[in-house]
Amino acid sequence: MIYLIYGQQSVMIKNRLNKIVKERLDFVDAMNFVKFDMNYALIQDVILEASYMPLGYEHKLIVAEDCYFLKKIKGKNKNDDKQDFASLISFLKQPNENCDLVLTLNDESVDEKSDLYKLIAEKGKIFQLLSVGKNDWNTYIYKYFNETLHIKIDNDAIVELANRINGDLNIFLNEANKLSLYDSHITYDDVCRLVSKPLDENAFEIFNHLMNKKNDEAIKIFKNLLVDGVEPVTLISMLGNQFRLLWQIAFLHKSSLTSQEIADKLKIKEVRVRILKKYMYMMTLDDLLETLDCLYNLDYQIKSGQIDRFIGFELFLINFQIK
């Protein structure tokens, strides 16, 4: 059997491939399962391997990963001049019944007008794995928990989980499997307890606590993030972005621009401008630049080995003051 699996989410491609392997092979080892990376391999070598009889097995499966030559918009590959695509066409016309050939492509589209695609469509199976759209996540999460994990999940838990995974399928699968080990009925509180918020939200909470003179709360978030392996230099950069954005908003506001005009100029949402505007009068433009300079120096000292990254950032949180 010939298979083509393509889509933008590598995790979805991997899951579909694993499903095919389980369906077609009773047992997997180096004699009946072979992978080729088409960025480096030649297609004629793949076909040669696919034409061999499986040794010690009735059936084998060959995977050709990242088949760039099936893309709708083709790029240049160093092996293009060496590839013998005629051998692939011949194999597609008369495949080896004792061998499955799986072609994968991490791309949203393929060249459906090519002879290769038409032959695959005629002789085999094609799996187009569409990415999960922003408006489809709630439905996808519900189906995954109920149909794949066979676990009940409350509606408010679905919404909160969708917010926390930030559209990343890899993160979702990891968090969903972790939740499945916790209980057979997932609630909103379970999601809040076990699934971390996106890092940018945590960085904004640190900024928010600092601006509200709640340094101890900012330190608590920082220490919780350390458990998840978040690096202080990452937080320094994200925190610096918040102070820089506040400076830009304050500066543009002095030019008599409206919130919407500021949002358009900075290419951000107006609601974000309105949220940050409440902090404009708490720090002067010079104070904001001084804070940015402090964060820059801290980043330099950490990267040059002058100060421990954990101690350095915690000291910044402790000592930050609004004049």
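**Exercise 1. Find which residues of helix H11 are buried, then find what they pack against.**

*Solution.* Start with the list: in H11, the buried residues are Pro232, Leu235, Ile236, Leu239, Gly240, Gln242, Phe243, Leu245, Leu246, Ile249, Ala250 and Leu252. Buried here means under 20% relative accessible area, with exposed over 50% and partly exposed in between (1.4 Å probe, protein chains only). Before going on, note that this is a predicted model, where local features need pLDDT of at least 70, side-chain atom pairs count only at pLDDT 80 or more, and totals for chains, interfaces and linings use all residues. Residues are numbered from 1 along each chain as its sequence is written, and side-chain values use heavy atoms, with hydrogens and water left out.

Next, look for the partners. The buried residues of H11 pack against helices H9 (199-211), H10 (215-227), H12 (259-266), H13 (270-277), H14 (285-303) and H15 (309-319). Contact means heavy atoms within 4.5 Å. Helices (H or I, at least four residues) and strands (E, at least two) are DSSP runs, numbered from the N terminus.

**Exercise 2. Compare the reach of H11 with its expected span.**

*Solution.* H11 covers residues 232-253, which is 22 residues. The expected span of a helix is 1.5 Å times one less than its number of residues.

**Exercise 3. Work out what surrounds the buried side of H1.**

*Solution.* Helix H1 (residues 10-24) buries Val11, Met12, Ile13, Leu17, Ile20 and Val21. Now list the neighbours: these buried residues pack against strands E1 (2-7), E2 (33-37), E3 (60-65), E4 (99-105) and E5 (125-129), and also against helix H7 (169-182).

**Exercise 4. Why does Glu160 count as buried?**

*Solution.* First place the residue: Glu160 lies in helix H6 (residues 155-165). Glu160 counts as buried because its relative accessibility is 15%.

**Exercise 5. Describe the protein chain as a whole.**

*Solution.* Count the elements first: the protein chain has 15 helices and seven strands. Then turn to its radius of gyration, taken over C-alpha atoms, with a globule rule of 2.2 Å times the number of residues to the power 0.38. The chain has 27 Å, whereas a compact globule of 323 residues would have a value near 20 Å. Along its principal axes, the C-alpha trace spans about 80 × 50 × 45 Å. Finally, 42% of the 323 residues count as buried.
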